[in-house]
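Work through the following exercises with the structure open. Each task is followed by a solution in steps.

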Amino acid sequence: MTLTAIMPSLRRSISDPLSIDAWPESSQVTTTDVIVCGVSMTRLVEVCQTPCVHTAAAVIPGTHGRRSPYQDAAVVVVQVTAVMKNFDAARVVLIDACLDAVNATWRETRLIGRASTVKSTEAILLSGESHETPSIGRAVMELPDDLREGDLLAIPCTGVVALRDIRARPAVLTNTCVDLEDIAAELTWLEQLA
């Protein structure tokens, strides 16, 4: 139990501590941001939009942040698309990425972009376009009670994470009518390029 967990109002002046072994090398926290190797995650979102990824060297566990020469780690930043209360009073958080293919350290998920001064409670994270089921191995995590649409979450992951692996997959259209004249016109246009 940390001081900021006991007294959430302190989060405006004291940042929540992070587990150095779970984050990439040279990771630091402020009250509203995570900085990895000198790169602000909130600034990364301003430049790249969400979801976005920053990869750096991993930390050798138990060395107080010593860089690993062989392993990588990443931080995935996602945006909350909705927060809902389930019928059994469980809080469900929907995000704009599909994190099924990443090995995330869910207990280290943290709110960035603003300092929340309310207590943290359990939340279930659902990802991707369908928002149907949580990923394999995904656990319930502690997130601020005032989490809302548009908030940013930074999630540390082990290994290299590619942006193509976390992009939400678009819904597949079924039962669409295809106009044969449109296909013929497109083929004619393609033939003109040859």
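**Exercise 1. Thr109**

Task: Locate Thr109 among the strands, decide whether Thr109 is buried or exposed, and list what Thr109 touches.

Solution. 
- Step 1. Thr109 sits in the loop that runs between strand 7 (103–104) and strand 8 (110–112). The model is a predicted one.
- Step 2. The relative accessibility of Thr109 is 7%. Buried means under 20%, so Thr109 counts as buried.
- Step 3. A polar atom of the Thr109 side chain lies 2.9 Å from the backbone oxygen of Trp106.
- Step 4. Leave out residues up to four places away in sequence; Thr109 then touches Met141, Glu142, Leu143, Leu153, Ala154, Ile155 and Pro156.

**Exercise 2. The largest pocket**

Task: Give the volume of the largest pocket and find which residues lie nearest its centre.

Solution. 
- Step 1. The space in the largest pocket is about 660 Å³.
- Step 2. Its lining has 27 residues, and Arg11, Asp16, Thr109, Ser120 and Glu142 lie nearest the centre. Glu142 is also among the residues that Thr109 touches.
- Step 3. At least two lining residues come from each of helix 1 (3–6), strand 8 and strand 10.
- Step 4. Strand 10 gives the most to this lining, with four residues.

**Exercise 3. Nonpolar cores**

Task: Find how many residues the largest nonpolar core has and which strand supplies its largest share.

Solution. 
- Step 1. The largest nonpolar core has 23 residues, and Val76, Val93, Leu99, Leu125, Leu153 and Val161 have the most contacts inside this core.
- Step 2. Strand 5 (67–85), strand 6 (91–95), strand 9 (120–126), strand 10 (141–144) and strand 11 (152–158) each supply at least two of the core residues.
- Step 3. Strand 5 provides the largest share, four residues.
- Step 4. Take Val161 from the largest core. With neighbours within four places in sequence set aside, Val161 is in contact with Val53, Thr55, Ala74, Val76, Val102 and Ile166.

**Exercise 4. Strand pairing**

Task: Work out the order of the three strands in the open sheet, then find how many bridges join strand 5 to strand 4, strand 11 and strand 6.

Solution. 
- Step 1. The open sheet has the order 1-2-3 with antiparallel pairing.
- Step 2. Strand 1 (27–29) and strand 3 (39–40) are at the edges; each has a single partner strand, so one side of each is left without a neighbour in the sheet.
- Step 3. Three bridges pair strand 1 with strand 2 (residues 34–36) in the antiparallel sense. Ser27 is opposite Val36 of strand 2.
- Step 4. Strand 4 (residues 52–59) is joined to strand 5 by seven bridges, and the two run antiparallel. Here Val59 stands opposite Arg67 of strand 5.
- Step 5. Strand 5 also pairs with strand 11 in the antiparallel sense, over seven bridges. Ala73 has Thr158 in strand 11 as its bridge partner.
- Step 6. The antiparallel pairing of strand 5 with strand 6 has five bridges. Met84 has Val92 in strand 6 as its bridge partner.

**Exercise 5. The whole chain**

Task: State how many helices and strands the protein chain has and what share of its residues is buried.

Solution. 
- Step 1. The protein chain has four helices and eleven strands.
- Step 2. Of its 194 residues, 40% are buried.
- Step 3. Among contacts with a separation of 6 or more, 64% are between residues 24 or more positions apart.

Terms used
Residues are numbered from 1 along each chain as its sequence is written. This is a predicted model: local features need pLDDT of at least 70, side-chain atom pairs count only at pLDDT 80 or more; totals for chains, interfaces and linings use all residues. Side-chain values use heavy atoms; hydrogens and water are left out. A nonpolar core is a set of buried Ala, Val, Leu, Ile, Met, Phe, Trp, Tyr and Cys residues joined through side-chain atoms within 4.5 Å. Buried means under 20% relative accessible area, exposed over 50%, partly exposed in between (1.4 Å probe, protein chains only). Contact means heavy atoms within 4.5 Å. A polar contact is a pair of N or O atoms within 3.5 Å; within protein, one must be able to donate a hydrogen and the other to accept it, and residues adjacent in sequence count only if both atoms are side-chain atoms. Two strands pair if DSSP finds at least two bridges between them. On a 1 Å grid over the protein atoms alone, a cavity is a set of points where a 1.4 Å probe fits but cannot get out, and a pocket is an open set with protein on both sides within 12 Å along at least five of seven lines; lining residues have an atom within 4 Å of a point. Grid points are joined across faces, edges and corners, and a volume is the space filled by probe spheres set on the points.
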